[in-house]
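Good morning, colleagues. Please turn to the sequence and the structure, which I shall now put on the screen.

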Amino acid sequence: MASRLYLRCRPALVVTALALLTAVSPAATTAAPGPAPVPAPAAGPPPGPPFDTEPARAALERLMPSVAGQFELEAVEEPGSGDYFSLSGTAGAIRVRGTSPATLLTGVGWYLERVAGVDIGWPGDSLGRLPGRLPKVTGTVTRSAAVPHRYALNDTDEGYSGAYRGFASYRHDIDLMALHGVNEVFVPTGAEYAYHHALQRFGYTAAELRAWIPAPAHQAWWLLQNMSGFAGPVSEQLIDARAALGSRIAGHLRSLGMTPVLPGFFGTVPPDFAARNPGAVTVPQGRWVGFARPDWLDPTGPVFAQLAAAYYRVQQRRFGDTDMFKMDLLHEGGTPGPVDVAGAAGAVQQALETAHPGATWVMLGWQRNPSETLLSGVDRRRVLVVDGLSDRYEGLDRDAQWGGTPYAFGSIGNFGGHTSLGANTAVWAGRFHAWLTAPGSALRGIAYLPEGTGGNPAAFDLFTELAWEPGPVDHREWFAAYAARRYGGADPHAAAAWEQLRLGPYSMPSGTWSEPQDGLLAARPSLTAARAARWSPTAMRYDAATVERALAELLRVAPRLRATDAYRFDVVDVARQALSNRGRVLLPRIRTAYEAKDTERFRELVAEWNAQLELLGRLVASDRRFLLGPWLADARAWSTDPAERDRLEYDARSILTTWGDRVPSESGGLHDYANREWAGLVRDVYAPRWAAYFASLDTALTNRTDPRPIDWFARDDAWARGHEKYPTTPTGDPVALAGEVLAALSQ
């Protein structure tokens, strides 16, 4: 069904048109010689709709083709108060009014959850439970956005969520974000194109620049000025293909009335830039966890403005226009040297303003950035700080710290794309509204910033909903309603399961962390291992029993609800988390047995550990969201040149394991930063590591010697440089396998 547009002529326009048709001058009422009077102009066509609803219609056809035709979409002007949607209609004819194509989709998403009682999450949905005829809306439901900025995606998202995906995958994610009310999305895909073309006018060859640009999975940290060149060189074909993809992503966002947020230019340059460009001054940036950082071109010097102008010209020509640009000066340890930071920030903003008048500079609130010194040099009205720490610490006062600079309440709910279940949702539920309504608050948005997306669907749902709630979220009521719709119908066992998850992994407090603990099964082997990634929590952040109780309840959910994609994802995810948590109980027991030199007990516990890893590998192989195969297949598909295909596969493998070369991986501590309990990684990386380690301990017990040292980097790097193929489709029954997990944990 085509979109039905309910157009209303504005009264003033109607009056004006009637006046033109009927008003006659006195001279025209009497006969007079000379030319005939010029006829009054005909009335023009009535004003058209404020925007085209077809992009929203197309998204519905992609997401829910069986019922898309039952939605009538109406475009309305955005009032001064901001975005809103309204819902009304009879069964089978649901009328959605909204202020943009994306807001129309937000209205549809609200209808699905609140009226139809189904969920469409990131990931997992229960759309298959929709009736053939959609239920009516009682009265008219209207929701307005509480904040103008609903921002999504961390700088690192592409690296940790999949740098080698195709357009269909990005489009699906954008459609989902629109359904959940997001209106601004960071788009780094293809950012290297502007650097590659602009810098050729400043003394560099194309080959030099291709060697400087990292492979796609590591480009986020190059854009942050942390590193360069890893897993390269990249090819011209790859640069062009990624630019074409980035342009399509930005275009799709614009079609939905969403804002693509593009990387801005703040001075990252290749080696020897000053030597090749008279008058330029560069500041060495030292090292970042073992990587040599690119130099920083002094923005207050004469060459910066020229290079920035060239960068923005190339970028605009390839990706189109936008009015939001993401930049972070001196990220994670950058040094200003002799450069005046306030002056530099002002020059960066001026270059942006020259290229894009009125544009907003988006900065990440992280560690000590942005500093008061930096903010003192800019027009704060043209800045938006997306805060990555809103839920992590107590005692934050962003209004005072940033001097009234507009900011968005944000959370980094996972680091490295960990598969860990949970988030500080109880903190969000109260703190966001309290900050928003504080006297003089500069809070203007939300910022969904996990380092990797595609997990923790309840967290994504609740966080994005903050922007559309008129008051604080009732944490208990929200999770009860979520449980009732997640699988497409109310069920007492689903309700009990989600209440346990709410009490456990979704009620973690603020204070030190914004993410849950990761799993020891993925850690570098050690009897004293407390985390897999160097910067992860070292202990459980909630009562592990809540997850086991949730699993038991999920396995009792009514059979009619178990066929939903949401249920099958959740039952694997919760079982995976329960099994992962048990590792923190088992490892100390193994250590006790080893230190007591109790070989029999040691071997018994090691056998249990190995069995849990084997079961974990089979469990995660049963759901496509936990497969390594597509991650690697996507990387190889981006090139036809065999050598480049191998480089791209290494890029995709290394980001999950070694992360970099030996020094950054070992001395810098980056190994396993992006650990995740995926099929393929569990079987061929994590399980063999622990098997080798325990074998060395067993030999030491038997021979009464110290265990032999193992070069873990060499083992992991060999895997990262390998080319074994992994399944791209799931195997096994997820419900049965989750039952095996519960049985194993109950012994």
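Which residues in helix 16 and helix 17 meet each other? Before I answer, please note that this is a predicted model. From helix 16 come P457, A458, D461, L462 and E465, and they meet H475, W478, F479, Y482, R485 and R486 of helix 17. By class, the residues of this contact are six nonpolar, one polar and four charged.

As to geometry, helix 16 covers residues 457-465 and helix 17 covers residues 475-486; their axes come within 12 Å and cross at roughly 125°. Angles of 65 to 115 degrees count as roughly perpendicular and those over 145 as roughly antiparallel, and helix 16 and helix 17 are therefore oblique to each other. Their crossing is right-handed.

Eight strands close into it in the order 5-6-7-13-14-15-16-17, with parallel pairing. From one strand to the next, the twist averages 30°.

Within that order, strand 16 (residues 407-411) pairs with strand 17 (residues 443-448) in the parallel sense, over five bridges. F409 has I446 in strand 17 as its bridge partner. Helix 15 (residues 425-436) packs on the sheet and touches strand 15, strand 16 and strand 17, its direction making about 170° with that of strand 16. Helix 12, for its part, lies across strand 13, strand 14 and strand 15, running at about 135° to strand 14.

Is P338 buried or exposed? P338 has a relative accessible area of 76% and is therefore exposed.

Definitions and conventions. Residues are numbered from 1 along each chain as its sequence is written. This is a predicted model: local features need pLDDT of at least 70, side-chain atom pairs count only at pLDDT 80 or more; totals for chains, interfaces and linings use all residues. Side-chain values use heavy atoms; hydrogens and water are left out. Buried means under 20% relative accessible area, exposed over 50%, partly exposed in between (1.4 Å probe, protein chains only). Two strands pair if DSSP finds at least two bridges between them. Helices (H or I, at least four residues) and strands (E, at least two) are DSSP runs, numbered from the N terminus. Axes are lines fitted to C-alpha atoms, for helices over the stretch in contact, and angles run from 0 to 180 degrees between N-to-C directions. Contact means heavy atoms within 4.5 Å. Angles under 35 degrees count as roughly parallel, over 145 as roughly antiparallel, 65 to 115 as roughly perpendicular and the rest as oblique. A crossing is left-handed if the near helix is turned anticlockwise from the far one by less than a right angle, and right-handed if clockwise. Ala, Val, Leu, Ile, Met, Phe, Trp, Tyr, Cys and Pro count as nonpolar, Asp, Glu, Lys and Arg as charged, and the others, Gly among them, as polar.
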